[in-house]
Every structure is written in structure tokens, then in C-alpha cells.
Amino acid sequence: MLSRLLFALFILLVTATCGFWLAGSSGLWVSINGALFALLVLDYVRGYQLEKWLRQGEPHSLIKLTGFWGELLDRIRRGYKIRDQSATQHRQRLQEFLSAIQASPNGVLLLDEEGRIEWCNQTAAAHLGLHEQRDLGQHIGNLVRDPAFTRYVAQGDYSNEVIIDGRSNSFSQLLKLQLQLHPYGENKRLLLTRDVTARAQADQMRRDFVANVSHEIRTPLTVLAGFVETLQSLPLSPEEQRQYLDLMAVQAHRMQGLVSDLLTLSQLEGSPPPPVTEAVDLKPLMAQVKSDAVALSALQSDEGLPIHTLTFALPDHLHVLGSRAEIHSAVSNLVNNAVRYTPAGGKIDVVWALDTEGQAQFKVKDDGVGIAPEHLPRLSERFYRVDRSRSRESGGTGLGLAITKHIVQRHGGSFHVQSEVGAGSCFSLVFPSARVKIETEAALALASEL
Ligand code: ADP
């Protein structure tokens with residue numbers, strides 16, 4: 001600024017001197033006025049250039065000014081640059097913020113004062129069947145027509161959430177959504193959506209389980225209570241009393257079996273997978289399973305002789321790494337089922353074998369009643385029975401296959417079933433090679449010496 005003042009004074013001095021020298025005192029005033037006018041015009045031109053440049057609003061377009069105006073231009077340019085940088089930073093931050101909301105497993109939807117959609121993330125769009133761009137500006141009530149949601153919006157109390165059926169790509173899966181509105185800003189609302197299908201299913205399963213257990217226990221309890229009442233109120237002969245007590249014992253055993261299976265299931269669920277440190281020798285285990293199966297088969301005949309042909313095959317020295325009690329429970333459930341669901345004269349083959357990948361396969365094949373294909377996927381569900389009365393008659397709890405599948409999965413293996421009505425069934429368990437061990441003769445000899 002000072003240099004500019006000095007420059008103007010210098011010009012005035014030079015022109016005044018020249019004017020005075022050429023035309024005396026009148027030349028002095030003319031030259032001073034002329035110089036002032038020229039300086040004014042120069043300033044005006046530069047000011048105009050700057051004003052035009054500012055009006056165009058293109059801070060990056062080229063313009064060159066010197067002196068005071070040049071400095072002003074530089075300062076304005078620097079101001080523009082800082083503004084641009086801060087705008088870019090804000091844009092980046094907004095983008096990151098939006099990406100974070102997009103990545104959220106929950107749906108987020110912004111509604112204006114009228115309830116029109118201002119913005120929504122992909123999850124909210126997928127949950128509610130909306131189009132992320134096309135449905136912007138649409139009223140939420142026109143797009144989400146579930147009556148529970150309409151009531152929720154109308155009542156205006158958003159302290160609790162509402163559960164509605166969501167849209168799913170797969171027809172087989174029913175989606176359950178939890179929606180909650182949160183007011184913010186000036187009469188705006190934030191809608192959060194959450195997929196609670198798994199939780200709803202778990203709740204339903206828990207309710208079904210409690211209902212099933214109550215039902216299973218109530219039936220034998222009612223029968224028992226009836227017999228007790230009869231024994232108390234009627235004068236019965238000793239023979240009749242014995243008959244009643246036998247029937248009561250059957251019901252008591254049924255309840256015992258049910259409680260014991262329920263305890264097994266809860267223990268399996270509450271404990272970590274069995275370690276691979278225990279090698280279960282299958283030979284003695286299968287000998288026990290075989291004698292129990294023969295006894296069970298014999299129980300079904302009046303003569304006390306087995307009514308099925310049972311064959312057992314097992315490779316030498318095969319061991320499975322895991323829990324002995326659990327493996328015993330899993331295989332005996334399958335063998336006992338084969339005995340229970342195969343009519344007299346039937347054939348049951350029980351085989352342990354190693355496959356080419358080193359996995360141990362356990363198979364129980366029978367030529368019994370068989371199972372229709374529609375039942376196969378649900379067979380290992382708790383309390384699922386194909387023939388309820390047959391299961392009860394033979395002392396079934398409806399939990400055997402659920403326990404078996406749980407056990408094999410805890411050992412890293414898998415459960416399979418093939419069956420045909422009237423032709424028989426084949427249940428198999430596959431244990432992964434990491435859980436299989438073949439004890440060599442030398443190792444066995446060493447172990448027996450020790
Ligand atoms: P349950 O105690 O009723 O036998 P499970 O869980 O062991 O319960 O078996 C579930 C159902 O699967 C049984 O009720 C029966 O209908 C069917 N099932 C199991 N094993 C066989 C088999 N070997 N042959 C025919 N049906 C079977």
C-alpha cells in the first residue's frame with residue numbers, strides 16, 4: 001500500500017515538474033490534474049477487471065494484475081483455494097460417513113417433515129423393498145403398507161419399536177423386521193430397520209420346545225395320575241394291582257427317558273466340542289452296542305429271541321478321536337432305531353468303514369418301514385416323528401436323531417439319511433479324517449506293555 005502511495009506521489013512529482021518546466025504554474029496544475037486522472041482511469045480499469053473476474057465466479061480462470069490490485073487478486077485467490085480445500089474435505093468426510101452408514105448391517109432411512117424419503121442406505125432399501133434412487137421423495141406410508149407400521153407412525157409414540165414382515169428375495173424365507181423411528185432436527189425423523197428373523201425364529205423355537213416338552217411330560221403324567229386315582233379309589237385284586245403298577249412303570253420309564261434325553265441335549269449344547277486327545281476304541285464300544293441291539297430285538301418277541309438278523313462289520317484298530325460317551329450314544333441311537341422301526345424278520349447291517357479320503361463312515365442299513373421323502377429334511381428336529389404312535393409304543397422320545405446329529409457335528413462330522421417307504425432306511429455318520437486314528441500293531445503292543 002505504501003509503495004503504491006509512493007509510486008503515485010512519484011508520478012505526480014515527475015508530471016508536475018515536467019508541467020512547470022514546460023508551461024510554468026498553469027502547466028503545473030494541468031499536469032497534476034492529468035496525472036491524477038490517468039491514475040484514476042488506470043485504477044478503474046484494474047478494479048473493473050477484478051470485479052468482472054469475481055462476477056464470473058471462476059476462480060481458476062487466468063487474469064493478471066500487478067501492484068495493489070495484483071495483491072488483492074492473490075489474496076482473493078488464496079481465499080478461494082482455502083474454501084475449495086475445506087469443501088473437498090467436507091465432501092470426503094460426508095462420503096466416508098455415508099459409506100459407513102451403507103456398510104451398516106442395519107437399515108437407515110431419513111424422512112423429511114412430511115414423512116417423505118430423503119435418503120436411505122442399501123440395507124433399508126433391501127429390507128423394505130425400495131429403490132434407493134427412484135423412491136426418494138416418496139411418502140414412506142405409500143411404500144410400507146404394513147398395518148402395524150401405519151398405526152405406529154400415526155400414534156406418534158416412537159419409544160418402542162414395531163415388528164413387521166419384510167420383503168425377502170427367497171419365497172421360502174419369511175423376513176421379520178424391527179422398525180423404530182427417532183425424531184431429529186426440525187420435525188425430521190430417522191427410521192432404523194433391523195433384520196430380526198433369526199431372533200424371531202429362535203424365540204419361536206424356544207416356545208415350540210417348551211410346548212413340546214410340556215406336552216410330552218403331561219401325557220405320561222396324566223396316565224400315571226389316573227392309575228394312582230384308580231388304585232386309591234377302587235378295591236382291586238392283587239393281579240389287577242400288579243397290572244396297573246406295570247403300566248405305571250412303563251409311563252415312569254418314558255418320563256425318565258425323556259428327562260435323560262433332555263439333559264443329554266442341554267449338556268451337548270452347553271459344552272465345548274470334545275477334544276481330540278481321547279482315542280475311542282470302536283471294538284469294545286460296538287460289542288456293547290451289538291449286545292444291546294440283540295437284547296432290544298429279543299424284547300420284541302414272546303420267545304425272548306431276536307427277531308432281526310443283525311450284522312456288524314468293523315475294520316481292525318479303528319479309533320475315533322472324541323468323546324466315548326457321545327459316540328456310543330450317537331451310534332446306539334441309530335442301531336436301536338433300526339431295530340425299533342424294522343418289523344420281525346428284517347435285516348439290519350451295521351458297518352464302520354474308512355473311505356478314500358481317510359474319513360470314518362458309520363452306516364446302519366435296515367429293510368424296515370422306511371420314511372417318505374417329505375419327512376427326511378425334518379427328521380433330526382427335536383420331537384419330530386413320522387409315526388407318533390409307533391415311536392411312543394417303542395419307547396421313543398423324538399430326541400434320538402437330534403442328539404445323534406448334534407454329536408456328529410460336534411466332532412466335525414456330518415449326518416445323512418436315505419430312505420424309501422417300504423424298502424428301508426440307511427442312516428450314516430461321517431467323521432472327518434482329523435478325528436480318525438488307526439492304531440498300528442506296534443503301538444497297540446507298546447500300549448499293552450505299558
Ligand atoms: P424317536 O424316539 O421317535 O425314535 P428319533 O429322533 O430317534 O425319535 O427319530 C425320529 C423319527 O424318525 C422317528 O419317530 C421315526 O419316525 C423316524 N425314524 C428314525 N429311524 C428310523 C428308521 N430306521 N426307520 C424308519 N423310521 C425311522
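Where in the protein is confidence lowest, and where is it highest? Hello everyone, let me start there. What we have on screen is a predicted model, and its confidence is lowest in helix 12, residues 441–449, with a mean of 56. The highest value belongs to strand 12, residues 424–431, at 98. Across the protein the average pLDDT is 89, and 96% of the residues score at least 70. So please keep helix 12, with that mean of 56, in mind as the part to read with care.

Now let's turn to the ligand. There are 21 residues surrounding the ligand, and the closest are N337, Y341, S391, G398 and L401. From L401, a backbone N or O atom sits 2.8 Å from an oxygen atom of the ligand. R340 comes in with its side chain: one of its polar atoms is 2.9 Å from a ligand oxygen. V386 uses its backbone, where a polar atom is 3.1 Å from an oxygen of the ligand. And how much of the ligand's accessible area does the protein cover? On its own the ligand has 520 Å² of accessible area, and the protein covers 98% of that.

Staying with this part of the chain, have a look at T342. You will find T342 in the loop between helix 9 (324–340) and strand 9 (347–354). Is T342 buried or exposed? T342 counts as buried, because its relative accessibility is 1%, and the cut-off for buried is under 20%. Its side chain also reaches the backbone oxygen of A338, at 2.5 Å.

Helix 5 runs over residues 147–155, and its buried residues are A148, F149 and Y152. Why do these three count as lying on the same side of helix 5? Because they cover an arc of only 95° around the axis.

Let's move on to two loops. N187 is not a glycine, yet its phi is positive, at about 65°. With a relative accessible area of 61%, N187 is exposed.

The second stop is H317, in the loop between strand 7 (309–313) and strand 8 (318–321). H317 is not a glycine either, and its phi is positive at about 60°. Its relative accessible area is 26%, so H317 is partly exposed.

While we are here, step back into strand 7, where T311 has its place. T311 is partly exposed too, given a relative accessible area of 33%. Although T311 and V364 are 53 residues apart along the chain, their C-alpha atoms are separated by 9.8 Å.

Last topic: cysteines. How many disulfides does a search of the whole structure find? The count is 0. Two cysteines are still worth a look. C18 counts as partly exposed because its relative accessibility is 39%, while C120, at a relative accessible area of 3%, is buried.

Methods
Residues numbered from 1 in each chain as written. Predicted model: local features only at pLDDT ≥ 70, side-chain atom pairs only at ≥ 80, totals over all residues. Heavy atoms only, no water. Disulfide = S-S within 2.5 Å. Buried < 20%, exposed > 50% of the residue type's maximum accessible area, 1.4 Å probe, protein only. pLDDT = per-residue confidence, 0-100. Helix = DSSP H or I, 4+ residues; strand = E, 2+ residues; numbered from the N terminus. Near = heavy atom within 4 Å. Polar contact = N/O pair within 3.5 Å; in protein donor to acceptor, adjacent residues only side chain to side chain. Areas by Shrake-Rupley, 256 points an atom, 1.4 Å probe, with all protein chains shown as cover. Arc of directions from axis to C-beta.
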